[in-house]
Amino acid sequence: MEALQDISRLSLNQITTNSWNVREAVEGCVRAGIPSIGLWRDKVSAYGLAQSKRVVAEAGLTVSSLCRGGWFPAATQAERQARIDDNRRAIEEAAELETPTLVLVCGPAPDRDIVAARLMVEEAIAVLLPDALAHGVKLGIEPLHPMFAGDRSVIVTLAEANRLVEQFQ
């Protein structure tokens, strides 16, 4: 087997080292020679946004993505607005961390109406897109396996994700 020659796009997704805090995950990347890390918001929040940015920069790594935004569908308008507000904060956090991408796990249908939930996803992305563009952050729509539609995301195929992307181009 031939050794991998170019690892410039290799990144560790922090969820794979879920028991590690940001510093420990960064140190793990350095030990393994991995040049980038995909951070998770809960870990960044626990460690501190400024401190997370500093430890990544001091290690000479880049942040490939920030996970996760999304969770757009909600039973009430107030819940939907709270989620949009949280996603605006996520966009700002991604910009502060100088990552090009905020990963969106779009969320399940609160009332099992997938069509309505997908419309909520579409509407939320339309609302958030100007913020993302203003901050230079791409919204990465992550489709999940259909078995996760009930509890994680109503976007379950690449075709659905691509349809959303094409709509906003």
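Predicted model: local features only at pLDDT ≥ 70, side-chain atom pairs only at ≥ 80, totals over all residues.
Strand β3 makes the greatest contribution to the lining of the second largest pocket, supplying three residues.

**Second largest pocket**

- The lining of the second largest pocket consists of Asn13, Ile15, Trp40, Ser65, Cys67, Arg68, Val103, Val105, Glu142 and Leu144. Two or more of these residues come from each of β3 (62–70) and β4 (101–105).
- Sorted by class, this lining comprises six nonpolar, two polar and two charged residues.
- Cys67 and Arg68, both part of the lining, are joined by a cis peptide bond with an omega of about 10°. Arg68 belongs to strand β3.

**Largest pocket**

- The largest pocket is lined by 13 residues, of which Leu129, Lys138, Leu139, Val165 and Phe168 are the closest to its centre.
- At least two lining residues are supplied by each of α5 (114–135), β5 (138–141) and α6 (158–167).
- The class composition of this lining is ten nonpolar, two polar and one charged residues.

**Helix α1**

- Helix α1 spans residues 22–32, and its buried residues are Val22, Ala25, Val26, Gly28 and Cys29. Viewed down the helix axis, these residues fall within an arc of 155°, and they therefore line one face of α1.
- The cover over the buried residues of α1 includes strands β1 (11–13) and β2 (36–40), together with helices α2 (41–47) and α3 (49–58).
- At the start of α1, a side-chain oxygen of Asn21 comes to within 2.9 Å of the backbone nitrogen of Arg23.
- Just after the helix, Gly33 adopts a positive phi of about 75°.

**Backbone features in the loops**

- Most residues other than glycine have a negative phi, and most peptide bonds are trans.
- Trp71, although not a glycine, has a positive phi of about 55°. This residue lies in the loop between β3 and α4 (77–96). Trp71 counts as partly exposed because its relative accessibility is 21%, the range for that class being between 20% and 50%.
- Arg112 is likewise not a glycine and has a positive phi of about 70°. The loop between β4 and α5 holds Arg112. Its relative accessible area is 69%, so Arg112 is classed as exposed, a term that applies over 50%.

- Glu160 is located in helix α6. With a relative accessible area of 17%, Glu160 is buried, since the cut-off for that class is under 20%.
- Leaving aside residues up to four places away in sequence, Glu160 touches Arg118, Val154 and Ile155.
- Pro146 sits in the loop between β5 and α6. A relative accessibility of 47% makes Pro146 partly exposed.
- Pro146 and Val156 are ten residues apart along the chain, and 5.0 Å separates their C-alpha atoms.

Conventions
Residues numbered from 1 in each chain as written. Heavy atoms only, no water. Buried < 20%, exposed > 50% of the residue type's maximum accessible area, 1.4 Å probe, protein only. Helix = DSSP H or I, 4+ residues; strand = E, 2+ residues; numbered from the N terminus. Arc of directions from axis to C-beta. Contact = heavy atoms within 4.5 Å. Polar contact = N/O pair within 3.5 Å; in protein donor to acceptor, adjacent residues only side chain to side chain. 1 Å grid on protein atoms, 1.4 Å probe; cavity = no way out; pocket = protein on both sides within 12 Å on 5 of 7 lines; lining within 4 Å. Nonpolar A, V, L, I, M, F, W, Y, C, P; charged D, E, K, R; others polar.
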